[in-house]
Amino acid sequence: MRKLCILAIFVCCIVGCSIGTVDASLSGSFGIATATSNDSAKPVARKTFDVEIVPREKWAELDIIMSKITPMGSNNPIKITVHHTAEERDNAKVSDAEHMRDIDRYHQKERGWACIGYHFVISPNGTIFQGRPVKYQGAHVSKHNPLNVGVALMGNFETSKPSNAQVASLKRLIKGLQLYFNIPKQNLYGHRDLGDTLCPGKELYKIIQQIKNSY
Ligand SMILES: [Zn+2]
């Protein structure tokens, strides 16, 4: 039987969240090593990442369980996989930041992972949240996590369509990641391309195909 990404969680709490810009050239919250000049066999990644992101520090309450984390490795990511969170929720009662904390808590405490499995999550208003720092391997596609950046959109896109703001942010984020890490443009996947799942839902999957066909 096919499975959706995660179970629905409802928490009624309104928490604000500010937006910041993550400079990926800094090896901090976003950071991952880029190729160096004495490593000429590898492509040299661009050192700018000008996509506005809400850093993990702005929303997270839980610490990453470092004993469970796996570094992305010495190579840059080579692919991007898009998901939906498959949740139905009341946007008026649950803030985006609280939604992020719900997913983080669920993935850590129920699934037993280091922290949220996705590297980025895009809310209905187009805000892009940093999930798990890209310098760490994600937990979002069984057997395909190494060198794979996981991007999730909040919502269930088997039954509805992502907002225009979400789609616009998804396109900006994908382009930014592809440029920064030199990820081949065709290495963009929906979760269903790599596993037995409905994720990211048929409506979002159509958009991923449109993005791939626009190159
Ligand atoms: Zn998925």
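The model is predicted, so local features need pLDDT of at least 70, side-chain atom pairs count only at pLDDT 80 or more, and totals for chains, interfaces and linings use all residues. Residues are numbered from 1 along each chain as its sequence is written.

The secondary structure comes to 4 helices and 7 strands. Helices (H or I, at least four residues) and strands (E, at least two) are DSSP runs, numbered from the N terminus. From the N terminus on, the order of elements is β-β-β-α-β-β-β-α-β-α-α. Of the 215 residues in the protein, 42% are buried. A residue is buried if 20 or more other C-beta atoms lie within 10 Å of its own, exposed if 12 or fewer, and partly exposed in between, with C-beta atoms placed from the backbone. Among contacts with a separation of 6 or more, 76% link residues 24 or more positions apart. Two residues are in contact if their C-beta atoms, placed from the backbone, lie within 7 Å.

Two strands pair if DSSP finds at least two bridges between them. Strands of a sheet pair through backbone hydrogen bonds, either parallel or antiparallel.

Strand 6 (residues 148–153) runs parallel to strand 4 (residues 120–122), and 3 bridges join the two. V121 has A152 of strand 6 as its bridge partner. Strand 6 is also parallel to strand 3, through 6 bridges. Here T81 stands opposite G150, and V82 stands opposite V151. Strand 6 is mostly covered, with 6 of its 6 residues buried. N148, G150 and A152 lie on one side, and V149, V151 and L153 on the other.

Strand 3 is likewise mostly covered: 6 of its 6 residues are buried. One face carries K79, T81 and H83; the other carries I80, V82 and H84. Strand 3 runs parallel to strand 7 as well, joined by 3 bridges. In that pair, I80 stands opposite L188.

Helix 1 (residues 96–110) has 15 residues. From its first C-alpha to its last it reaches 20 Å, close to the 21 Å expected at 1.5 Å a residue. The expected span of a helix is 1.5 Å times one less than its number of residues. Buried residues of helix 1 include D96, M100, I103 and H107. The buried residues of this helix pack against strand 4 and strand 5. Just after helix 1, G112 takes a positive phi of about 80 degrees.

The 18 residues of helix 2 should span 26 Å at 1.5 Å a residue, and its end C-alpha atoms are 26 Å apart, which agrees. Its buried residues are Q166, S169, L170, L173, I174, L177, Y180 and F181. They cover an arc of only 140 degrees around the axis, which puts them on the same side of helix 2. The arc is that of the directions from the helix axis to the C-beta atoms. An α-helix has 3.6 residues a turn, so residues three or four places apart point the same way. Helix 4 is included in what covers the buried residues of helix 2. N182 follows helix 2, with a positive phi near 55 degrees.
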